[in-house]
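Here is a friendly walk through a protein model, meant to be read with the structure open beside you. Shall we look at where some of its residues sit and what they touch?

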Amino acid sequence: MLLTGLRNGDLPMFALFLVLALFFWLSQNMGGMSERILSYSVELTGVDKGIRVTRPIASPVYVTVSGSGMAMMKEYHRKRVLNVDAAAFVSAGGSSFVAPSTILVDSLSSILPANLTIKRVLPDSLRYESIRVTDVRLPVLFGGTFDDSDRYSVDGISFTPDSVTVNVPEGSVLQYSCVVTDASSIKVDAVLMGGTIKLVPPGENALLADDEVNYSVTASQMTEKTVEVPVSGLNLPYGTVLRTFPPKVKVQFQVSLADFDAVEAQDFMVALDYRLLESSGYKAEVSVVSSPENVTKVRVTPELVEYLVENHSAVYD
């Protein structure tokens with residue numbers, strides 16, 4: 001609507017008028033004084049190696065500044081970061097440290113242009129909390145489980161490295177004895193296998209230098225073996241003879257290929273407990289009393305056998 005009725009020759013003059021008007025407006029507003037709120041992210045510097053910040057400085061800091069529009073615009077578009085040296089803080093009791101408002105204003109003044117004036121700062125002070133810490137070396141222990149099939153039996157697990165550095169509060173070193181892996185389940189499907197596993201910090205204030213380690217699992221290849229073992233009697237009274245039908249049962253178990261020939265029938269003992277027979281009728285469950293340490297998943301067939309108790313005490317008398 002504004003351009004309606006303008007002749008083509010008037011357009012350059014109109015454009016020139018708009019440019020001059022804009023320049024005049026900018027010179028009036030950018031050169032005049034105004035106020036603006038700027039935000040600065042805060043970074044704590046100069047923290048000693050033996051100190052760990054447990055509660056960082058609240059960020060950002062809001063600063064109300066006054067100055068020319070041009071200076072304000074330059075500061076507004078600049079990356080605004082306020083670095084505050086830990087040496088400027090004083091103890092506020094316990095693990096808390098505070099920098100008074102004068103330190104905060106001085107730090108801001110050092111990074112603001114000279115033609116900007118600080119009017120207000122929120123918050124008016126800076127505060128952080130920290131603790132003294134030290135490094136300890138702790139062994140790694142397995143906290144997971146093994147998912148091993150009938151084909152493999154785990155012989156052991158090792159870690160590389162076998163110990164890790166943990167950053168803990170001073171004075172509490174004795175509270176930490178080890179670092180445990182997470183509760184991962186490792187599927188064992190080979191005689192030698194490995195991978196990585198996560199570590200769990202040993203306490204709320206303990207920080208791990210590394211959050212995982214390599215592991216190596218060694219296993220034995222397993223096979224099944226069956227032997228025939230005679231059924232014995234336990235806790236028999238004097239002069240009592242226990243007969244079972246059948247007299248022998250099959251004992252099936254898992255054993256490593258290396259130990260296959262070494263495990264024999266005489267290494268097992270299966271029996272019926274006389275004290276449990278009265279309530280079991282004429283059949284009772286066979287129990288495995290003893291078995292070699294290098295076998296697993298021992299089972300008996302049949303699980304129930306018939307029995308006969310004979311009293312020969314008169315003969316012995």
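Serine 130 is buried, at a relative accessible area of 6%. Here buried means under 20% relative accessible area, exposed means over 50%, and partly exposed lies in between, with a 1.4 Å probe and protein chains only. You will find serine 130 in strand 8, residues 126-141. Helices (H or I, at least four residues) and strands (E, at least two) are DSSP runs, numbered from the N terminus.

Which residues does serine 130 contact, leaving aside neighbours within four places in sequence? They are Ile51, Arg52, Val53, Thr54, Ser95 and Phe97, where a contact is heavy atoms within 4.5 Å.

## About the model

This is a predicted model, in which local features need pLDDT of at least 70 and side-chain atom pairs count only at pLDDT 80 or more, while totals for chains, interfaces and linings use all residues. Residues are numbered from 1 along each chain as its sequence is written, and side-chain values use heavy atoms, with hydrogens and water left out.

## The chain as a whole

The chain has four helices and 23 strands. Of its 317 residues, 30% are buried. Take the contacts between residues at least 6 apart in sequence: 73% of these join residues at least 24 apart.

The chain exposes about 19600 Å², and 55% of that comes from carbon and sulfur atoms. Accessible areas come from the Shrake-Rupley method with a 1.4 Å probe; for residues, only the protein chains shown count as cover.

Leucine 122 belongs to strand 7, residues 116-122, and is exposed, with a relative accessible area of 57%. Together with Ile37 and Tyr62, Leu122 forms a nonpolar patch on the surface, and the three share about 340 Å² of accessible area. Patches are built from residues with over 30% relative accessible area and no salt bridge; like charges are joined within 9 Å, and nonpolar side chains (Val, Leu, Ile, Met, Phe, Trp, Tyr) within 5 Å.

Threonine 160 lies in strand 10, residues 152-160, and counts as exposed at 54% relative accessibility. Not counting residues up to four places away in sequence, threonine 160 touches Val213 and Asn214.

Now follow the open sheet whose three strands come in the order 17-23-20, with antiparallel pairing. Its edge strands, each pairing on one side only, are strand 17 (240-245) and strand 20 (283-285). On average, neighbouring strands of this sheet are turned by 45° against each other, direction ignored. Axes are lines fitted to C-alpha atoms, for helices over the stretch in contact, and angles run from 0 to 180 degrees between N-to-C directions.

Two strands pair if DSSP finds at least two bridges between them. Strand 17 and strand 23 are joined by six bridges, and threonine 244 has tyrosine 307 in strand 23 as its bridge partner. Strand 20 and strand 23 (residues 304-311) are joined by three bridges, and glutamate 285 stands opposite leucine 304. Strand 17 also has two faces: Thr240, Leu242 and Thr244 are on the covered one, while Val241, Arg243 and Phe245 are on the uncovered one.

## Salt bridges

Side chains of opposite charge can pair when their charged atoms come close. A salt bridge here is a side-chain nitrogen of Lys or Arg within 4 Å of a carboxyl oxygen of Asp or Glu, and by this rule there are seven. One of them joins arginine 55 and glutamate 129, at 3.8 Å from N to O. This pair links distant parts of the chain, 74 residues apart: arginine 55 is in strand 2 (residues 51-55) and glutamate 129 in strand 8. Arginine 55 is exposed at 52% relative accessibility, whereas glutamate 129 is partly exposed at 23%.

In another salt bridge, the closest N and O atoms of arginine 299 and glutamate 224 are 2.4 Å apart. Aspartate 273 and arginine 275 also meet in a salt bridge, at 3.1 Å from N to O. Aspartate 273 counts as buried at 19% relative accessibility, but arginine 275 is exposed at 60%. Finally, salt bridges that share partners join Lys198, Asp211 and Glu212 into one network.
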